[in-house]
Amino acid sequence: MSTSSRLIAEFAANLQFEAIPTEVIRRCEDLLLDTLGSMYAGSTEPPVQKIAVFAKAQGPDNGKAQLIPRGTKTSPYFAAMVNAAAAHMVEQDDLHNSSVFHPACVVFPPALAMAQDLGADGKSLLTACVVGYEVGIRVGEFLGRSHYKIFHTTATAGTIAAAVTVGRLLGLNPEQMQDALGSAGTQAAGLWEFLKTAADSKQLHTAKAAANGLMAASLAAKGFSGAEDIFEGEKGMGRAFSQAPQADKLIGGLGKRWALLETSFKYHASCRHTHPAADALWTVMQEQGLTADEIAEVQTFVHQAAIDVLGAVDKPQSVHQSKFSMGTVLGVLAYNGFAGLDEFDQALGDERIDAFRQKVTMTLDPEIDAAYPEKWLGKVKVKCKDGRSFEAFVKEPKGDPGNTLSRDEIEAKVKRLVCYHNETFA
């Protein structure tokens, strides 16, 4: 009887471009464009630059794979590493809700790096990226909520996603693809502990997921063997990384349910757990004509994972950490009408936003928690200084599939990202 690992390997090795619905390909193109913007914006940030310095010292300077946006060339391994770090740096990359996984930052960087090295065509690139999304998302769903409480799913499931993406470009057969899965799974890592001190580890998570996945696939192409049952084996990822692995999620609907279509674009430049409440607050402010200075209190009703991730941040000490502070994110939005990269840069040290942060609380809501992670619901209660009180409920935050960004909005976002800290493009 075939294991889940074998069935996934067969899907990843055998999927053909012609079998992918047109709407999936178009969405994949939009996601690629969106991610290129994040790579440009993230490339100038210190943590990414440090990884780039390491890569330059270790890798060749005459490869075929491009560091974006510099244009300098290196090996696929180091290009995937640096570009993946950049793609996840500024909190503008996509998210798949039910897997709580950011696929783009660990799929597109290794895909582009290997495609450039091989001289692959567009169809091959897009097919490989779809494979990465479909498999990575299912692994995230398989590992579930208990996994995400401790592990950064984008780092763990992301290593698998990168491996099958590159494996598809390399033309691995099912046996080789299964080996790649085994080698990728045994390298999967990434812990949330970094949140407490705003450490740079989050960029290392995606950098290594992309690079390790690429290495796993490349080794498999050379006959390097890997664990046969890396997901459900007695000492596999399910047993090691989850209190309640959901085996049915691994292969459910492969080739029929296109999980890539369920991916959300990020509108606000902050942790996705802040977005539902941010949209609910903005709804109240717009409907009631409120200004930030009129607000006395904001109570946000959230799922447990939001408390787990955002609760680690009290008073942000850096711009990046401020994006994981519910109160800061809502303050940035309330005072600016938009929570973009420039707005967060200007907010650090702003006494108005610091004061607003202290007005915001998070309350665990059973209804919202029960709906998560399939649905990320937003609910707030706003009290004004004059005694008035208002509530708002958001079913689909902006960027979700049912409230998605248009192509024009994606292009406008990418233009902002490309210009961010890049004077050459401003």
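**Exercise 1. Determine whether Y148 and W192 are buried or exposed, and describe how their rings are arranged.**

Both Y148 and W192 are buried, where buried means under 20% relative accessible area and exposed over 50%, with partly exposed in between (1.4 Å probe, protein chains only). This is a predicted model, in which local features need pLDDT of at least 70, side-chain atom pairs count only at pLDDT 80 or more, and totals for chains, interfaces and linings use all residues. Residues are numbered from 1 along each chain as its sequence is written, and side-chain values use heavy atoms, leaving out hydrogens and water.

Next, a search of the whole structure finds ten aromatic pairs; rings of Phe, Tyr and Trp (its six-membered ring) pair if their centres lie within 6.5 Å, and planes under 30 degrees apart count as stacked, over 60 as edge-to-face and the rest as tilted. Y148 and W192 form one of these pairs, edge-to-face, with 5.2 Å from centre to centre and 75° between the planes.

**Exercise 2. Classify the pair formed by Y335 and F356.**

The ring centres of Y335 and F356 are 6.2 Å apart and the planes stand at 75°, so the pair is edge-to-face. F356 has 0% relative accessibility and therefore counts as buried.

**Exercise 3. Find the rings over which the charged ends of K379 and K398 sit.**

The criterion is that NZ of Lys or CZ of Arg is within 6 Å of the ring centre and within 35 degrees of the ring normal. The charged end of K379 sits over the ring of F301, 4.8 Å from its centre, and that of K398 over the ring of Y267, 5.3 Å from its centre.
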